[in-house]
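Visitor: I have just opened this entry and would like to learn how to read it. Could you walk me through it?

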Amino acid sequence: MGLFRRKKSAGQVRSASKADTSHLDDWASARTGVEAFVEPRTHVTETTVLLVAHDGEWTRRRIADFDAAREFARKRSMPLYEVERVGYPKRMRDYQERQKRRNG
């Protein structure tokens, strides 16, 4: 009887989960030259970590906060950057462009 079930409000965002961290772990362990980029929380999403491999392939998942991102990167000996300070790496943009042409 779902009559009184609580609905998610339109402005509510999903928090980071163990599945998010597992995805990041699996993804990073299958690639070389991976660097982490922290993206700040917005009105639409929580804090996220963007992982970018040596060839520009990338993935993004939620993470609890900046400290969790720093700990994630430290445990895996990968560099961590703040997107607001350094921007997105050129190799990521190049990879996206190659994918557009390939799928075009």
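Visitor: What covers the buried residues of H1?

Guide: The cover includes strand E2 (48–52), strand E3 (58–62) and H2. Helices (H or I, at least four residues) and strands (E, at least two) are DSSP runs, numbered from the N terminus. Buried means under 20% relative accessible area, exposed over 50%, and partly exposed lies in between (1.4 Å probe, protein chains only). This is a predicted model, in which local features need pLDDT of at least 70 and side-chain atom pairs count only at pLDDT 80 or more, while totals for chains, interfaces and linings use all residues. Residues are numbered from 1 along each chain as its sequence is written, and side-chain values use heavy atoms, with hydrogens and water left out.

Visitor: Which are the buried residues of H1?

Guide: They are Asp20, Leu24, Trp27 and Ala28. Looking down the axis of H1, you find these buried residues within an arc of 95°, so they line one face of the helix. The arc is that of the directions from the helix axis to the C-beta atoms. On the face turned away from that buried side sit the exposed residues Lys18, Ala19, Asp26 and Ser29.

Visitor: Which residues of the largest nonpolar core touch the most other members?

Guide: First, the general idea: in soluble globular proteins, nonpolar side chains tend to be buried together. A nonpolar core is a set of buried Ala, Val, Leu, Ile, Met, Phe, Trp, Tyr and Cys residues joined through side-chain atoms within 4.5 Å. Here the largest has 14 residues, and Val34, Ala36, Val49, Leu51, Phe72 and Met78 touch the most other members. At least two residues of this core come from each of H1, strand E1 (35–39), E2 and H2. Another core, of five residues, lies apart from it, and includes Phe37, Leu50, Val83 and Met92.

Visitor: What is Phe72 in contact with, leaving aside its neighbours within four places in sequence?

Guide: Contact means heavy atoms within 4.5 Å. Phe72 is in contact with Thr21, Leu24, Asp25, Leu51, Ile63 and Met78.

Visitor: Is the phi of Ser77 positive or negative?

Guide: Most residues other than glycine have a negative phi. Ser77 has a positive value, near 55°. Its place is in the loop between helix H2 (66–75) and strand E4 (80–82), and Ser77 is exposed, with a relative accessible area of 69%.

Visitor: How many helices and strands does the protein have?

Guide: There are four helices and four strands, running α-β-β-β-α-β-α-α from the N terminus on.
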